[in-house]
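Trainee: I have a model open and would like to go through parts of it. Can we start once it is on screen?

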Amino acid sequence: MYFAIPDTTEISAKQSSNQHAYTLYNIHVNGVHHCSLRYSQLHSFHTELQRFLPNFMIQSQPFPPKKLFSLSSRDIEERRMLLERYLQSVVQQKSLISSPYFNDFFFNAQHETYLNASIDKFIPDRTNFTIYLLDRHEIILENLSSHDTLTKLFETCAEKIQLDLEYFPYFSLFLYASDQNHLNLIRPLFSFECPYISLKQAEKFHANCCLVLKKSYWNVTYDLKLLDNPCTQNLLFLQCQYDIHQSQELDSKDLHKQLIQLRDHQQWKEYILLARTSKFSGYILLRECTVNDLSTDELSRCLLAIGNNDLICYYVNDEHEHSFSKEISFKVTRIRCWKVNWTKSDLNLTFEYLVRKNTLQWVTIHTEQAALVSTCLQSMVDEILKKRMDANILMVDADKKNDQQKKTVGLTTRTKSDLDRLNNNELFDRSAGDEDL
């Protein structure tokens with residue numbers, strides 16, 4: 001996720017409750033205003049993080065120091081930039097953003113900002129939430145607190161549909177916009193935000209916003225773990241049906257005919273297995289995109305497909321809207337870094353890509369959903385790292401077991417996992433012929 005402080009708000013002494021003027025720093029998350037905080041509040045946040053997680057704070061940017069005298073406009077701008085760099089360095093560390101203090105601080109900050117934004121704002125103590133599935137089936141959660149966290153809301157929804165605890169990690173809640181009887185993904189909900197407020201704020205920019213429960217992973221092999229449970233199988237079927245619908249004009253007609261037959265005969269498991277053979281299964285498709293062509297550096301219209309640890313640009317054929325002149329795949333494991341850029345006239349995501357050995361090139365994708373692309377990239381990287389860490393834990397456990405078995409042997413021998421680590425000490429798995437970063 002991308003934290004930014006694009007601007008500030010000056011509060012005069014007349015507007016202030018304590019008759020003192022001060023500056024609010026407007027914090028945006030992935031391009032959307034989340035909260036507005038004073039320097040003193042952010043300083044307290046920094047102090048508490050140092051107290052709770054001192055080892056992780058060593059890697060963060062320095063927090064801008066206090067000043068004895070009133071700040072000039074230039075001083076305020078300099079402090080804004082330094083605070084932005086500080087927050088961006090903090091959110092790059094998984095242990096910090098997943099800490100209870102981080103989540104509580106920004107949850108409360110969003111709540112306070114929303115209430116202070118206008119005297120007309122009102123948050124009811126109790127409310128009903130409507131959670132949608134991808135087929136627009138409604139799950140009504142009655143008489144919940146409007147201050148409930150994402151975790152509380154998700155657990156209540158899971159209990160309502162009888163989703164077993166062991167399957168919780170595979171699903172989450174997302175913000176969607178309804179457009180012409182189709183649900184379009186806006187972004188996932190984060191654990192540091194209030195779902196009630198985030199939904200209200202999203203309604204300012206998107207018509208017919210709603211909360212949707214769907215799968216939250218990229219690794220398609222996880223699908224096989226969900227096939228035999230009735231609840232997860234139903235959720236997976238709805239996901240596959242949604243994916244097939246969004247790529248309807250791109251897949252073969254024969255595939256769609258077979259899927260319709262399986263659906264009509266209520267052969268859900270067979271439907272899921274066949275749907276997974278679609279080229280776009282498990283992908284998020286963004287249609288209104290342009291990308292700089294690596295060979296000509298000219299901008300070209302494209303369909304952007306995100307999934308399977310890839311960003312795939314399908315260059316649109318200008319003569320035939322639903323056909324492509326070529327495609328270029330960018331592997332996530334070869335992206336060195338990326339950044340979302342907001343200007344008054346453009347929104348884009350740029351990333352530095354390992355084109356070939358020792359050759360990096362910048363690629364820019366222009367899309368209104370650049371923040372969503374960034375979030376997808378981060379979640380794919382997190383999933384790859386988790387898979388690698390789990391594999392390392394298994395290797396360590398296997399080595400311990402082998403060491404115990406060899407205690408009576410005089411000479412130390414290399415285990416298979418020892419040799420694997422010596423021969424392949426990489427952060428990410430390599431595919432044939434790849435030079436991953």
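Trainee: Which residue in the hairpin of E4 and E5 takes a positive phi?

Mentor: Arg 136 does, with phi near 75°, and five residues lie between the two strands. Helices (H or I, at least four residues) and strands (E, at least two) are DSSP runs, numbered from the N terminus. This is a predicted model, where local features need pLDDT of at least 70, side-chain atom pairs count only at pLDDT 80 or more, and totals for chains, interfaces and linings use all residues. Residues are numbered from 1 along each chain as its sequence is written, and side-chain values use heavy atoms, with hydrogens and water left out.

Trainee: How many bridges join E4 to E5?

Mentor: Six, and the strands run antiparallel. Two strands pair if DSSP finds at least two bridges between them. E4 also pairs with strand E8 (residues 209-215), in the parallel sense, over two bridges.

Trainee: What are the bridge partners of Ile 131, then?

Mentor: Ile 139 in E5, and Leu 211 in E8.

Trainee: New topic. Is Asp 310 buried or exposed?

Mentor: Asp 310 is buried; that means under 20% relative accessible area, with exposed over 50% and partly exposed in between (1.4 Å probe, protein chains only). Asp 310 lies in strand E11 (residues 310-317).

Terms used:
Lys, Arg positive; Asp, Glu negative; His and termini not counted. Salt bridge = Lys/Arg side-chain N within 4 Å of Asp/Glu carboxyl O.
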